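Hello,

Here is the structure I promised to pass on. Please open it first, then read my notes below.

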Amino acid sequence: MKTTIFLIPVLLLAFYLRLEELGNWPLRWDEAFSVWEAQMGFLEVTGFTARDVHPPMYFWLLHIWVRLAGTSELAIRALSVFFSQITIVTVYTLILRLSKRERAAWLGVLLITTSPYHIHWSQDARMYALATMFATLVIYAYWRGWTGRFALTGIGAVLSHYFGAIVLGVILLFQVLRRRPLRRGRRRWAAAVAVVVAACIVWGLYTAGLMRKDPSLATFDLDAAFVLMANTFAVNSTTHLGAYTPHVLLITAIFFLGLFLSWRDNREATFFILLGCLVSPIVITILGLPIIPVHVNALQERHVSVFAPFVFAGFGIGLAAMLSRSWFPAGALICVGLLAFNFILVTERARGRYFKDDYRTMMAAVAALTDSNDVVFFASGGRKPLVYYHLDRVGYNVPKSRFAEPLNVIGIPRRSDDVDAMMHQVFAGIHRFWLIEIEAHLDEPLDARINWIDDNYHRIYHIPVAWNGVSLYSSDENDAIPVIETTIPPVVAEARPGDQVRIGVPAGTTVNLVHHGQIIDSHQAETWMLHQFDIYQFYFNGIYELRTEDESYPFVITHSQEFPGGA
């Protein structure tokens, strides 16, 4: 009962911190890639994953999830929130099992609940929350002596993230070094390990010769993985990976001091945690050697998410050790300080998350301007999944597979040894078409596709959208421009310096940017246009409006620099 009373508010807090504004920022490229892949057929998902550098478990689950919940920003990220809730409950029970102290379990679960690092990757439509969950579950199954669940969660750990194999390696290494008594007998544990290894071998044989290899050079660095883990788990930042910042040094010192104090009372659990925190970065470092066929390079914070159970268990046990000795006043101050620091980082991060209109209004404009008889192409410099995601959101019948041709949206290949031949083949017999450009200049050779189109067709209509745009091309320079009366309202509720707020209005409509009754900027065009209002540093904070003759669309400008002497 006592545990339940404690865990319920903690889980509610964790749920709130991870669900808050979950759908209020645009998808990043990797998230769009997840959705694009999940919308393929099940066997196609499996085959596509085998050619990538990630195992298939998350994509199998997302494949099912998007058919139940949809593909909105909120829906696809909610699956990771669900995995994170299971992780938090399991972290509590794991620390309790390791330490036999409720105080340690409370401290550990409070830290992971408020951890900006764990919150961040619990809100991302990728496999990292799932991998952390399975890593925690397999460690817990080992300590409980559950052979069957160890086998299942071990397979889940490896097939969620290949670094899950490192977690299993730490468990086996600990068993060899400490010779911990096995509750179910050596044969049953050997069988459980054999099942996990067999599953990995089966998947490995399937992916052999298919898995994508990074063409870049291996980046072997003796201390990079250690610095990465210290920075990410201490301050959720990788901006200073060349060195340990004072904050990171202090929190890392607290972590190891706590383990030093816990050694006397609980050597077994402390040794296990030390193995997880030290062996894991050593293995990652070795994988950065050039002799490794599928080497690790360009380490980022997400690469260490699977090792979170070791870290938070270490914090829980170590802080509890501080509180049980003559260190109590200092230990209590440290615990309060760490929790307060987490809340500061979480608050700062929350202020930085908002919806930025990169593609949504642009795709809505394409949908408004075109009809089923129009031919629509897009040229993208590597943003193909994002293009498909946003086209799908406005109702286009886009391909669920990269191998299938869309019915009315055609992607122009990014690379070709013979650009001229490729473009002639793509545009054979087409006299009029729409082109969506999203970072289209990032092709090889540079700008070759767009230059070819401009040399062979007339661009009779163009809507610029930041670095991107929507254009109508025709072989007849006098071809008619479409006349539509659709209004596309702004989709942003908040904008900051460097952003653009966009509104689509019919020809001849005047749009004013207004603040406190004063017109700040004004646009008008002779054709239907997606007007783009730039937000400058010198704009006051506050409520602004985009006004037409008939409607007013308010939004907030924040984080601006005021005029000199402005109130």
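Phe 256 is found in helix α13, which covers residues 246-262. Keep in mind that this is a predicted model. Is Phe 256 buried, exposed or partly exposed? Phe 256 has a relative accessibility of 34%, so Phe 256 counts as partly exposed. The reason is the cut-offs: buried means under 20%, and exposed means over 50%.

Together with Leu 278, Ile 282 and Ile 286, Phe 256 forms a nonpolar patch on the surface. The accessible area of these four residues together is about 320 Å². Which helix gives the most to the nonpolar patch? That is helix α14, residues 267-286, with 3 residues.

Now look inside. The structure holds 3 cavities of 30 Å³ or more. I have notes on two of them.

Start with the largest cavity. About 120 Å³ of space lies in it. Its lining is made of 15 residues. Which of them lie nearest the centre? They are Leu 111, Phe 233, Ala 234, Phe 315 and Asn 342. Helix α12 has the largest share, at 4 residues. By class, the lining of the largest cavity has 11 nonpolar residues, 4 polar ones and no charged ones.

Next comes the second largest cavity. Its volume is about 40 Å³. The largest share comes from α7, with 4 residues. Here the lining of the second largest cavity divides into 5 nonpolar and 4 polar residues, with no charged residue.

Asp 124 lies in the loop that links α7 and α8. Is Asp 124 buried or exposed? Asp 124 has a relative accessibility of 5%, so Asp 124 counts as buried. The cut-off for buried is under 20%.

Pick the C-alpha atoms of Asp 124 and Phe 174, which are 50 residues apart along the chain. Those two atoms are separated by 32 Å.

Over to you.

Best wishes

Key
Residues are numbered from 1 along each chain as its sequence is written. This is a predicted model: local features need pLDDT of at least 70, side-chain atom pairs count only at pLDDT 80 or more; totals for chains, interfaces and linings use all residues. Side-chain values use heavy atoms; hydrogens and water are left out. Patches are made of residues with over 30% relative accessible area and no salt bridge: like charges are joined within 9 Å, nonpolar side chains (Val, Leu, Ile, Met, Phe, Trp, Tyr) within 5 Å. Accessible areas come from the Shrake-Rupley method with a 1.4 Å probe; for residues, only the protein chains shown count as cover. A salt bridge is a side-chain nitrogen of Lys or Arg within 4 Å of a carboxyl oxygen of Asp or Glu. Helices (H or I, at least four residues) and strands (E, at least two) are DSSP runs, numbered from the N terminus. Buried means under 20% relative accessible area, exposed over 50%, partly exposed in between (1.4 Å probe, protein chains only). On a 1 Å grid over the protein atoms alone, a cavity is a set of points where a 1.4 Å probe fits but cannot get out, and a pocket is an open set with protein on both sides within 12 Å along at least five of seven lines; lining residues have an atom within 4 Å of a point. Grid points are joined across faces, edges and corners, and a volume is the space filled by probe spheres set on the points. Ala, Val, Leu, Ile, Met, Phe, Trp, Tyr, Cys and Pro count as nonpolar, Asp, Glu, Lys and Arg as charged, and the others, Gly among them, as polar.
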